[in-house]
Amino acid sequence: MSDLINAEREVSRRKFLAMGGTIAAAGTVGPWIDPLSALAGTRWPNGHLTAPDAIRVKRSQFMPVGQFRAWNDELDRLGPSNQKGLRATGSPAHEGYIDELHHLLQRAGVTHVHFDPVPMTRWTTTHWSLDLLGGPSAGPVRTASYIPYSGHTPAHGVSAPLVYLDVANPPTPGSLAGKIAMFDVTPQVVPLSFFTGLAYPGATYDPHHEFSPTELYKRPYLSNATEGIEAAKAAGAAAMVGVIDYPFAAARGTYLPYDGIIFGVPGVYVDRDTGAKLKQQAKAGVRARLTVPATVKKMSSRNLIGFIPGRSTELVALHCHTDGSNAIEDNGPAAIVAISQYLARLPKHALPRTIMVLLTTGHFHGGNGSREFRRQHADDLVKRTNAVITIEHLGTREWNEIGLGQMGLTGRYEAAGIFAPGSKALVDAAHTMLKAANNHPGAVLKPLDPTGNGTTTPTWPGEGEYLFARGGLADANYITGPTYLLNWGIKTTDKLDFHRIRAQAIGFTEMILRLGRTPRQKLTNYTL
């Protein structure tokens, strides 16, 4: 097996995409992926498809399991040398990936593939550090990451006393001027029943009873990080240190928050154990030096749009974002390439609606790519779109703290949700997808904000909210939230089930075909 894996690493991207082999376990959902079978088969299918294949996917003619793994391996390797996997919005790694997706969509048979520019102000850094300047532990401190879009320091950093900031009881404005503020980044722990409580009646798929009403759900993305940053800024802190309540393995590479707002206070993250030691230093009034020599630059990223022609100019859309912190954030574009490669081989008369592929930039910049798509195409593509499927974070297995300070796989899949407005046609199609893909545990969920205006509270935690709540499009947003979702530098191939990803992609293929057969008025009639 080691020889196979070593050989895999030596194959270039384009050669890997062209490799032949047999289709591995077509259409099956294995309990977990076997590395040898995952390597089998990256040759794209090219057999003849007919009109019945637009009702039920011909699985032998769908992208093989090995291709999904090959794409994931490539994403694991992208990014800066010290931040592997990170495709920060507008970065060279991200823009190169957009170019690769352009090539893949054309190869898949998608037509009129083109770029739309998306302006942005990009914050970035290549190195960062924290040092104690006194006391028995003087010297470098292990950091987990920088705080993205936090701020910048001179090359020599900022030196100041460490102080502890209680986010629940923030100090008075300006009271921490000339200090480095430490605060706890505390995950909000909610019961799994919080999510099942959002489910539409009869739209939960949980054949193994994994949605335990007493089980607690704790993930780093559900935290008070933004509140801590804002409290440090309001208190006038010169710099800040966020203490993530996880072991280093789970805290490393944290990329949070990701709204693209520059806070103006430079900062770094540390893990739980390092933070506990730093708090003792703060009590003793020890000085520290924090260095984040970031740069800010106005630039332009790109949305990627293409079409699979159908009988009508009305559209149904496959949507995802292209920037991300690692290979599963986001692996939706690869699934959309596979789906497109199947759809583009169907006869045109079997597609009642044209299918639009929409891959947006800027998820890690406050959703500016989706916002810009709405603005640029308000009078054409937006008006023609009947429904959208947003696909994010496929095949994820649960990886969590299995013992104090020890991270590991729990043997379960991550709970999945498909957030959707109350259209019976949309909810039924989403629920059917979960069952068809054996995607357990999963549920079709109502928006968090019942008004769906996207301004008072987030409508749901996914890229699709910008198209629904702020764009009026009927969007079904598939999403999972594993512990490793927002971490660069973390290997993901050992945390995914690639058979499951293939099954999910097949399920979404049948779902988009179903939505294409559904009249617009049924998709946009929100009565549930």
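A: The model is a predicted one. Among contacts between residues at least 6 apart in sequence, 82% join residues at least 24 apart. The protein contains 16 helices and 21 strands. Its radius of gyration is 23 Å, close to the 24 Å that the globule rule gives for 528 residues, so the protein is as compact as a globular protein of that length. The C-alpha trace spans about 75 × 55 × 50 Å along its principal axes. Of the 528 residues, 60% are buried, and the protein exposes about 19600 Å², with carbon and sulfur atoms supplying 56% of that area.

Now the sheet. It is open, has 8 strands and mixed pairing, and its order is β3-β2-β12-β5-β6-β10-β11-β4. The edges are taken by β3 (139–141) and β4 (145–146); each has a single partner strand, so one side of each is left without a neighbour in the sheet.

Strand β5 covers residues 158–164 and strand β6 covers residues 180–185. The two run parallel and are joined by 3 bridges. In general, strands of a sheet pair through backbone hydrogen bonds, either parallel or antiparallel.

As for charge, the protein has 52 positive and 43 negative side chains, and the centres of the two sets lie 3 Å apart.

Technical notes. Residues numbered from 1 in each chain as written. Predicted model: local features only at pLDDT ≥ 70, side-chain atom pairs only at ≥ 80, totals over all residues. Heavy atoms only, no water. Helix = DSSP H or I, 4+ residues; strand = E, 2+ residues; numbered from the N terminus. Rg over C-alpha atoms; globule rule 2.2 N^0.38 Å. Buried < 20%, exposed > 50% of the residue type's maximum accessible area, 1.4 Å probe, protein only. Contact = heavy atoms within 4.5 Å. Areas by Shrake-Rupley, 256 points an atom, 1.4 Å probe, with all protein chains shown as cover. Lys, Arg positive; Asp, Glu negative; His and termini not counted. Charge placed at Lys NZ, Arg CZ, Asp CG, Glu CD. Pairing = 2+ DSSP bridges.
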